[in-house]
Amino acid sequence: MNDNKPAIEAVDHVEAEKKLRPLNAADENNAVGYKEYAEGLELDISAKEMKRLRLKLDLIILPMFLITQALQFMDKTSLNYANLFGYQKSLGLKGQQFNYLSAMVYGGYFFGQYPCGWLIGKFPAQKVMAISIFCWGATVIIMTQCRNYSSALAVRFIMGVFEAAVTPGLTLMTGFWYTRREIPLRQCIWYSSLGWGGIIGSYISMGVSKLPANMTPERWELIFYILGGATCLWAFIIWLFLPDSPSNARFLSHRERLVAVRRVAGNETGIKNKSFDKSQVKMGFFDPKTILIFISVFAAAIPNGVVNSFSTVIIRDLGFSTTKTTELKSVGDAVQIISLLISGVIILNVENSRLLTATVANILCTAAAAGMAYLPRSNTWGRLVCFWLVNSQSVGFTVALTTVSSNMAGYTHRSLASALVFTAYCWGNFAGPFVVKPSEAPRYEGATIGLLVGYSIKTGCHLTLLSYMFMSNRRRDRVYGPANKTASDEAGMRDSTEFENKDFRYVL
């Protein structure tokens, strides 16, 4: 399907709309934005007005998403920085206890994402996000008071529970504000905050590294105080200024709200539905797209767990000082930012290029992982460059998230698919730290082979997903004829899934 132009409308719109039953009051209330959609159908909207509104959203909504994701990433990986300043020694950690601490946040993430997903659907999303942000920021500060392994493990688990609202929530909310064509670039922009967060975290660590080693509080404690305090303050910004959806955005005029809803109605997936649709649950579990994304995310999350939790250790063990390590790590973060932004621009301007762009990035990661595994130990800089290049792995994950927000309709179906994808993300990231064995330093053969296998599986899944959606579009055109875009928009706003809506076509 063309991302940029409406599908050919081959059936009479009036007759198509007559087949749709009127919504009762309860259904209309549950379908967020439907009243504004119906009211705005007769509006005459110019391209200039659309562009002006999009710019307004980019200047207000996008920075909030980006900063929220950056803080979540820095807090989650704060152990990575604390580890440079004697954290393991202070707590008396032995064996693989640090690995368990790194992984435990994903255990909490797994248990927290399902209730968080339900809460975001049922209640104002920004309120759920703000409470979660404040609570996880508080747990980061509490980490300074954990002086043994068991207490730190418990706090890391609780941290994961509250962090579970963020990335899945932002993925769903991106579809509340942006069109199918706009989603990939915007998602790449706010997900690039992982790179920005990594750079900021590295330079915070660099500054802390210049402080006296015998200071009070200890340098690793200072890392937690800085990051946790910033997160708690940010929670108030989200509570006060981030709207739930375009239909109740205070920074938009009444007409702008109608136009904003009309824009996203064109996604054919609706905005949000407050009711839980049991009929969509089975669909969510057996959707081939969900299964393929689940496998690809799990395979790639194992390497992601390695990169997030042990990047500083791996770089330091190549023979660099603590200060130099933080500088070199920031180069990998910059690679992540650049690869995401380039991919987002390509997807925006080249029709049906999402999964092909992800495949190119996956191949780059696979080649880089092979270099890490098989380059000679003496080739320090060659192996370091390969380690930097694996940071382009975020492109494939971001494209997978855009598949959920752009190609899955029905809010219960979409939110369940998102939860399953992040279940795979949790399991993979939980397993990732355990493939890094101190006894294998500085080559870390097990970790590098894990990266190579994970990226190879991810590439195969994305190519299979591309084939499935392409063939589905061809079959629908053959069986049902050209899609009726108007009827498809209406079906999406009524919370129909892509399987129920025969006019739905996938973007590739």
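Me: What makes Arg263 and Asn267 contacts of threonine 179?

Reply: Contact means heavy atoms within 4.5 Å. Once its neighbours within four places in sequence are set aside, threonine 179 is in contact with Arg263 and Asn267. The model is predicted, so local features need pLDDT of at least 70 and side-chain atom pairs count only at pLDDT 80 or more, while totals for chains, interfaces and linings use all residues. Residues are numbered from 1 along each chain as its sequence is written, and side-chain values use heavy atoms, with hydrogens and water left out.

Me: Where is threonine 179 placed, and why does it count as buried?

Reply: Threonine 179 sits in the loop between α10 (166-177) and α11 (183-191). Helices (H or I, at least four residues) and strands (E, at least two) are DSSP runs, numbered from the N terminus. A residue is buried under 20% relative accessible area, exposed over 50% and partly exposed in between (1.4 Å probe, protein chains only). Threonine 179 has 16% relative accessibility, so it counts as buried.

Me: How do you know that glutamine 69 is buried, and which residues does it touch?

Reply: The relative accessibility of glutamine 69 is 2%, so this residue counts as buried. Glutamine 69 belongs to helix α4. Not counting residues up to four places away in sequence, it touches Val166, Thr167, Leu170, Trp190, Tyr191, Ser193 and Leu194. Glutamine 69 also lies 9.8 Å from glutamate 163, C-alpha to C-alpha, although 94 residues separate the two in sequence.

Me: Why is the pair of arginine 255 and glutamate 49 called a salt bridge?

Reply: The term requires a side-chain nitrogen of Lys or Arg within 4 Å of a carboxyl oxygen of Asp or Glu. The side chains of arginine 255 and glutamate 49 meet at 2.7 Å, N to O. The two come from distant parts of the chain, arginine 255 from helix α14 (residues 254-265) and glutamate 49 from helix α4 (residues 47-76), 206 residues apart. Arginine 255 is partly exposed because its relative accessibility is 35%, whereas glutamate 49, at 14%, counts as buried. The structure holds 12 salt bridges.

Me: What distance makes glutamate 218 and arginine 147 a salt bridge?

Reply: The closest N and O atoms of glutamate 218 and arginine 147 are 3.5 Å apart. Glutamate 218, at 29% relative accessibility, counts as partly exposed, and arginine 147, at 39%, counts as partly exposed.

Me: Which parts does the salt bridge of aspartate 477 and arginine 505 tie together?

Reply: Aspartate 477 and arginine 505 meet in a salt bridge at 2.9 Å, N to O. Aspartate 477 is in helix α22 (residues 445-480) and arginine 505 in the segment after α23 (485-493), so the bridge ties together parts 28 residues apart in sequence. Aspartate 477 is partly exposed because its relative accessible area is 40%; arginine 505, at 4%, counts as buried.

Me: What makes Arg474, Arg475, Arg478 and Lys502 a patch of positive charge?

Reply: Patch residues have over 30% relative accessible area and no salt bridge; like charges are joined within 9 Å, and nonpolar side chains (Val, Leu, Ile, Met, Phe, Trp, Tyr) within 5 Å. Lys and Arg count as positive and Asp and Glu as negative, while His and the chain ends are not counted. The place of a charge is NZ of Lys, CZ of Arg, CG of Asp or CD of Glu. Arg474, Arg475, Arg478 and Lys502 gather on the surface in this way. Arginine 478, found in helix α22, has a relative accessible area of 64% and is therefore exposed.

Me: Which residues form the nonpolar patch?

Reply: Ile291, Ile295, Tyr374, Ile449, Val453 and Ile457 form it, with about 540 Å² of accessible area together. The elements giving two or more residues are α16 (288-316) and α22, and the largest share, 3 residues, comes from α22. Isoleucine 457, which lies in helix α22, counts as partly exposed because its relative accessibility is 38%. Accessible areas come from the Shrake-Rupley method with a 1.4 Å probe; for residues, only the protein chains shown count as cover.
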